[in-house]
Amino acid sequence: MELRDRALKIKLLLLDVDGVLTDGRLYYTSRGEEIKVFNVRDGLGIKLAQRAGIRIGVISGRNSEALINRLKELKVDEVHLGYNQKLPVLEDIINRLSLSLEEIAFLGDDYVDLPILRRVGFPMAVLDAPEEIKKHALYITKSRGGHGAVRDAIEFILKLRGQWEEVISQYYA
């Protein structure tokens, strides 16, 4: 199946967080509070995907208030935090939303993401993922995790679907 055909089937884009939405480094205050750094371009990419009718979700092994706040701000549909075993979460999402694996894209960066990457219809990896992970990806972003990789992946999908110009047209007004 061609990439365009696969992209046209996507109804849900799932993302890992650390190493995908962030650069993978962990920051803590002196009080032990976790700090996350997000790329604003990824946020706009998520909004563009939502405008194009693609739902967004995250599955992460970690949980933090900063992350929860950012996901609320972006109105992310599916938020699953604190899950090191991601495959059962994927299966729950498929059953609950009546989706097929072919209708799901996933962007990951490390070995914990491999079970999902090997199953979804449109697996993607960030530029700085290990080579073993990249082998399972249909698309490898041009940006490292936390540095616009999510935006890059979304732009790639929307261009394949022929929706890119439409979703950015409001910025040319």
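**The aromatic rings**

Modeller: Let's begin with the rings: searching the whole structure turns up two aromatic pairs. This is a predicted model, so local features need pLDDT of at least 70 and side-chain atom pairs count only at pLDDT 80 or more, while totals for chains, interfaces and linings use all residues. Residues are numbered from 1 along each chain as its sequence is written, and side-chain values use heavy atoms, with hydrogens and water left out.

Biologist: What makes Phe122 and Phe156 an aromatic pair, and why is the pair called tilted?

Modeller: Rings of Phe, Tyr and Trp (its six-membered ring) pair if their centres lie within 6.5 Å; planes under 30 degrees apart count as stacked, over 60 as edge-to-face and the rest as tilted. Phe122 and Phe156 come out at 6.5 Å centre to centre with 55° between the planes, and that pair is tilted.

Biologist: Which parts of the chain does that pair tie together?

Modeller: Phe122 sits in strand S7 (residues 122-125) and Phe156 in helix H7 (residues 149-161), so the pair links parts 34 residues apart in sequence. Helices (H or I, at least four residues) and strands (E, at least two) are DSSP runs, numbered from the N terminus.

Biologist: Why is the pair of Tyr139 and Phe156 called stacked?

Modeller: The ring centres of Tyr139 and Phe156 are 3.8 Å apart and the planes are at 10°, so this pair is stacked. Tyr139 belongs to strand S8 (residues 139-140) and Phe156 to helix H7, so this one ties together parts 17 residues apart in sequence. Put together, Phe122, Tyr139 and Phe156 make one aromatic cluster.

Biologist: Where does Thr22 lie, and why is Thr22 called buried?

Modeller: Thr22 is in the loop between strand S1 (12-15) and strand S2 (27-28). Its relative accessibility is 2%, so Thr22 counts as buried. Leaving out residues up to four places away in sequence, Thr22 touches Val17, Lys36, Val37, Phe38, Gly145 and Gly146; contact means heavy atoms within 4.5 Å.

Biologist: What makes the phi of Lys75 worth a remark?

Modeller: Most residues other than glycine have a negative phi. Lys75 has a positive one, near 55°, and is not a glycine. Lys75 lies in the loop between H3 and strand S5 (78-81), and with a relative accessible area of 59% it is exposed.

Biologist: And what is the phi of Ser98?

Modeller: Ser98 has a positive phi of about 55°, although it is not a glycine. You'll find Ser98 in the loop between helix H4 (87-97) and strand S6 (104-108). At 62% relative accessibility, Ser98 counts as exposed.

Biologist: Why do Glu65 and Glu131 count as exposed?

Modeller: Glu65, in helix H3 (residues 65-73), has 57% relative accessibility, so it counts as exposed. Glu131, in helix H6 (residues 131-134), has 54%, so it counts as exposed as well.

**The whole chain**

Biologist: How many helices and strands are there, and what makes the chain as compact as a globular protein of that length?

Modeller: There are eight helices and eight strands. The radius of gyration is 15 Å, close to the 16 Å from the globule rule for 173 residues, so the chain is as compact as a globular protein of that length. That radius is taken over C-alpha atoms, and the rule is 2.2 Å times the number of residues to the power 0.38.

Biologist: What share of the chain is buried?

Modeller: Buried residues make up 50% of the 173 residues.

Biologist: How many charged side chains are there?

Modeller: The chain has 26 positive and 26 negative side chains, with the centres of the two sets 2 Å apart. Lys and Arg count as positive and Asp and Glu as negative; His and the chain ends are not counted. Each charge is placed at NZ of Lys, CZ of Arg, CG of Asp or CD of Glu.

Definitions and conventions: Buried < 20%, exposed > 50% of the residue type's maximum accessible area, 1.4 Å probe, protein only.
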